[in-house]
Amino acid sequence: MSGQRSLSLDSKLPSLGTTIFTQMSALAQQCQAINLSQGFPDFDGPSYLQQRLAYHVSQGSNQYAPMTGAVALREAIAAKTESLYGYLPDVGTDITVTAGATEALYAAITAIVRPGDEVICFDPSYDSYAPAVELSGGILKRIALQPPEFKVDWQAFKALLSDKTRLVILNTPHNPTATVWSHRDFDALAHAIADYPVFVLSDEVYEHICFAPEGHASVLAHSRLRERSVAVSSFGKTFHMTGWKVGYCVAPEAISREIRKVHQYLTFSVNTPAQLAIADMLNAQPEHYQELPAFYQAKRDRFTQALSRSRLKVQPCSGTYFLLADYSDVSDLDDVAFCQWLTREVGVAAIPLSVFCDGEFNHRLIRLCFAKQEATLDAAAERLLSL
């Protein structure tokens, strides 16, 4: 054994630990708090969808689906995309079904970003973007969006563009700020990158939970941008079934080809009976996603009205199933410490906004999930009124 070196593994992501969502959900369970931190509904999805899952299992649809996704589901996605955004993606080449939206995001970033490439994203930003960029050897350039509007400063964006810029990552409706991009924002993006060979990754997992009067503005509806873009969506968000982990991405053939090269060695294919059940749901009950904005707006309004009597200052919410609340009238604690105190002492778990940002974030804002039953929201509001 003389001279043998000890086995060690240097981390590729040394600064990362357990996500704040896992931490806060664990703390909520430990303290028996109402969990408004992690973004998942506390109610089930449509009964028809559940019935179709059981049907396809019973009929023997339990082997591998095609790597790119079940044909029936890709056809349903194409039809939905055309009806919503006036664009019909090719069923064979442009649509890839993935194990949740996070896999689609990772596969797209891995396929597009090379070592030394620069990637622009907007902070606050969803926590999976940065690690995927880092693992691909990319360099993340962040633009801080300022509350309460969280609007993009397009001059600052243009100033970040360079010959090294490879990808822009955006998210609308936006988690965690509950803001949405307009068609004018997409026009501004198209104008800014017109002379650069830059790709766009548009995270649109909350596309059907948008309360803007003009509806959801998708990159797929923008004729100049969709030829260089990947749009990502999530059936878990749309059908209240986050545990099913079924998502998809839409991109032109040349981009999809490279994404599929990564996807086939991440998961190869996605749960077959779930794909077939979702296809049935999209075809038989399109009113579910069509009525989703009103469904969640009612929950938003109920919770917002209840909190109007509290010391929290609720921020405007144009999309997603999250609310931001300013707690500066309640405490001087930083947002991480405040969320821990809120869980332990008040019995409501929330997410601190600073975890979505790189560097200092000096605003006292927390994120609350309202994808809950009315009784859950009412009970949480009652506790928050005690602040």
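Visitor: What ground rules apply?

Guide: This is a predicted model: local features need pLDDT of at least 70, side-chain atom pairs count only at pLDDT 80 or more, and totals for chains, interfaces and linings use all residues. Residues are numbered from 1 along each chain as its sequence is written, and side-chain values use heavy atoms, with hydrogens and water left out.

Visitor: How many salt bridges does a search of the whole structure find?

Guide: Side chains of opposite charge can pair when their charged atoms come close. The cut-off here is a side-chain nitrogen of Lys or Arg within 4 Å of a carboxyl oxygen of Asp or Glu. The search of the whole structure gives 11. One of these joins Glu 207 to Lys 80, with the closest N and O atoms 3.3 Å apart. Glu 207 is in the loop between S6 and S7 and Lys 80 is in helix H3, so this pair ties together parts 127 residues apart in sequence. Helices (H or I, at least four residues) and strands (E, at least two) are DSSP runs, numbered from the N terminus.

Visitor: Is Glu 207 buried or exposed?

Guide: Buried means under 20% relative accessible area, exposed over 50%, and partly exposed in between (1.4 Å probe, protein chains only). Glu 207 has 7% relative accessibility, so it counts as buried. Lys 80 is buried as well, with a relative accessible area of 5%.

Visitor: Which side chain meets Arg 142 in a salt bridge?

Guide: Asp 123 does, at 2.9 Å from N to O. Arg 142 lies in strand S4 (residues 139–144) and Asp 123 in strand S3 (residues 118–123), so the bridge links parts 19 residues apart in sequence. Arg 142 is partly exposed at 30% relative accessibility. Asp 123 is buried at 4%.

Visitor: And what is the partner of Arg 364?

Guide: Asp 332, with the closest N and O atoms 4.0 Å apart. Arg 364 sits in the loop between strand S12 (351–352) and strand S13 (365–369), and Asp 332 in the loop between strand S10 (322–326) and helix H13 (335–346), so the pair ties together parts 32 residues apart in sequence. Asp 332 is exposed, at 66% relative accessible area. Elsewhere, salt bridges that share partners join Asp 123, Arg 142 and Asp 358 into one network.

Visitor: Where is Arg 226 placed?

Guide: In the loop between strand S6 (199–203) and strand S7 (229–234). Arg 226 is also buried without a salt bridge, and Glu 227, the nearest side chain of opposite charge, is 4.3 Å away. Its contacts beyond four places in sequence include Tyr 87, Leu 220 and Pro 252.

Visitor: How do I read a helix pair?

Guide: Two packed helices are described by the angle between their axes and the distance between the axes. Here the axes of H3 and helix H10 (residues 272–284) come within 8 Å and cross at roughly 35 degrees. Axes are lines fitted to C-alpha atoms, for helices over the stretch in contact, with angles from 0 to 180 degrees between N-to-C directions. The H3–H10 crossing is left-handed, meaning that the near helix is turned anticlockwise from the far one by less than a right angle. The H3 residues at this meeting include Leu 73, Ile 77 and Lys 80. Among those from H10 are Leu 276, Ala 279 and Leu 282.

Key:
Contact means heavy atoms within 4.5 Å. Lys and Arg count as positive and Asp and Glu as negative; His and the chain ends are not counted.
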